[in-house]
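Trainee: I've got a fold on screen and I'd like to talk through its contacts. Can you take my questions one at a time?

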Amino acid sequence: MKVFLFIFIGLFLGGCKVMNDKHEQSDELGFHQELKKQFMEGPSYADCIEKTSKFEEVYLANVKDLKDYYWDKETFTATVEISENKKLNISLVPSGLKCDSIRKSVTFVVPKDFLYNENKNEIIDDFLWISKLICNKEEFITIKEILDKKKDSDILNFQDDSFVVLFPKIEKKETDFIKNDDLKPFMAYFQKDLEISSYTLLYFFQ
């Protein structure tokens, strides 16, 4: 189950092939090369550079004033040192043939002794706090309605001792998750590793 979820997450984050190699490719194949570029390779770094240069001001306007905020324009990632024991990473991944859409995700990094069952409400509150800053009003309302119910639930959706999915509910059959016609607006999970713990929310809004 854990392996399947990581594959799914990898597909989410790798939806757009933004190439850092800026070298021009040969045009020997004429329009065939252009078709390959559009339908197989996806946008290049050069295709996206104009729009990605505006990511920070467009998507992180409400985050930029936070203390110890840092924007990495090469990886499209913002880092915020919330406290001595908590760091926030916000990732903006360009997507679409013309980089005309974006996939957002947030990850809170905490010490390894930070456990889900002892800090569930803090995790949900953190997700709600950052979602209000980087999502529009309609998206935030949807996220809040779902996560507020998780606070009142005593049922923990454990996959194993170190991996918890807050939303959506994962059925016993792994394929049930991917075949579900009810498209979920986001995915939220908690992970405990050897050195750190972290909790992540992937936004599926377009």
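Trainee: Let's start in the sheet. In β8, which residue is the bridge partner of alanine 188?

Mentor: Quick ground rules: this is a predicted model, where local features need pLDDT of at least 70, side-chain atom pairs count only at pLDDT 80 or more, and totals for chains, interfaces and linings use all residues. Residues are numbered from 1 along each chain as its sequence is written, and side-chain values use heavy atoms, with hydrogens and water left out. Helices (H or I, at least four residues) and strands (E, at least two) are DSSP runs, numbered from the N terminus, and two strands pair if DSSP finds at least two bridges between them. β7 pairs with strand β8 (residues 196-203) in the antiparallel sense over seven bridges, and the partner of alanine 188 in β8 is leucine 201.

Trainee: How many residues sit between β7 and β8 in their hairpin, and how many bridges join strand β6 to β7?

Mentor: The β7 and β8 hairpin has three residues between its strands. Strand β6 (residues 163-167) runs antiparallel to β7, with valine 165 opposite tyrosine 189. The number of bridges joining β6 to β7 is four.

Trainee: Why is strand β7 largely enclosed by the rest of the structure?

Mentor: Buried means under 20% relative accessible area, with exposed over 50% and partly exposed in between (1.4 Å probe, protein chains only). Strand β7 covers residues 186-192, and it is largely enclosed because the buried ones number six of the seven.

Trainee: Over to the helices. Are α5 and α6 roughly parallel or antiparallel to each other?

Mentor: Axes are lines fitted to C-alpha atoms, for helices over the stretch in contact, and angles run from 0 to 180 degrees between N-to-C directions. Helix α5 (residues 116-134) packs on helix α6 (residues 137-151) at about 175°, with the axes 10 Å apart. Under 35 degrees counts as roughly parallel, over 145 as roughly antiparallel, 65 to 115 as roughly perpendicular and the rest as oblique. The helices are therefore roughly antiparallel.

Trainee: By class, how many charged residues does the contact of α5 with α6 have?

Mentor: Contact means heavy atoms within 4.5 Å, and the residues involved include Lys120 and Asp125 in α5 and Lys144 and Asp148 in α6. Ala, Val, Leu, Ile, Met, Phe, Trp, Tyr, Cys and Pro count as nonpolar, Asp, Glu, Lys and Arg as charged, and the others, Gly among them, as polar. The tally is six nonpolar, two polar and, for charged, seven.

Trainee: Now the rings. Is the pair of phenylalanine 55 and phenylalanine 76 stacked or edge-to-face?

Mentor: Rings of Phe, Tyr and Trp (its six-membered ring) pair if their centres lie within 6.5 Å; planes under 30 degrees apart count as stacked, over 60 as edge-to-face and the rest as tilted. A search of the whole structure finds ten aromatic pairs. For phenylalanine 55 and phenylalanine 76, the centres are 5.8 Å apart and the planes at 65°, so the pair is edge-to-face.

Trainee: And what about phenylalanine 108 and tyrosine 199: how many residues apart in sequence are the parts they tie together?

Mentor: Their ring centres are 5.1 Å apart with planes at 15°, so that pair is stacked. Phenylalanine 108 is buried at 0% relative accessibility, and tyrosine 199 is buried at 0% too. Phenylalanine 108 lies in strand β4 (residues 101-111) and tyrosine 199 in strand β8, so the parts tied together are apart in sequence by 91 residues.
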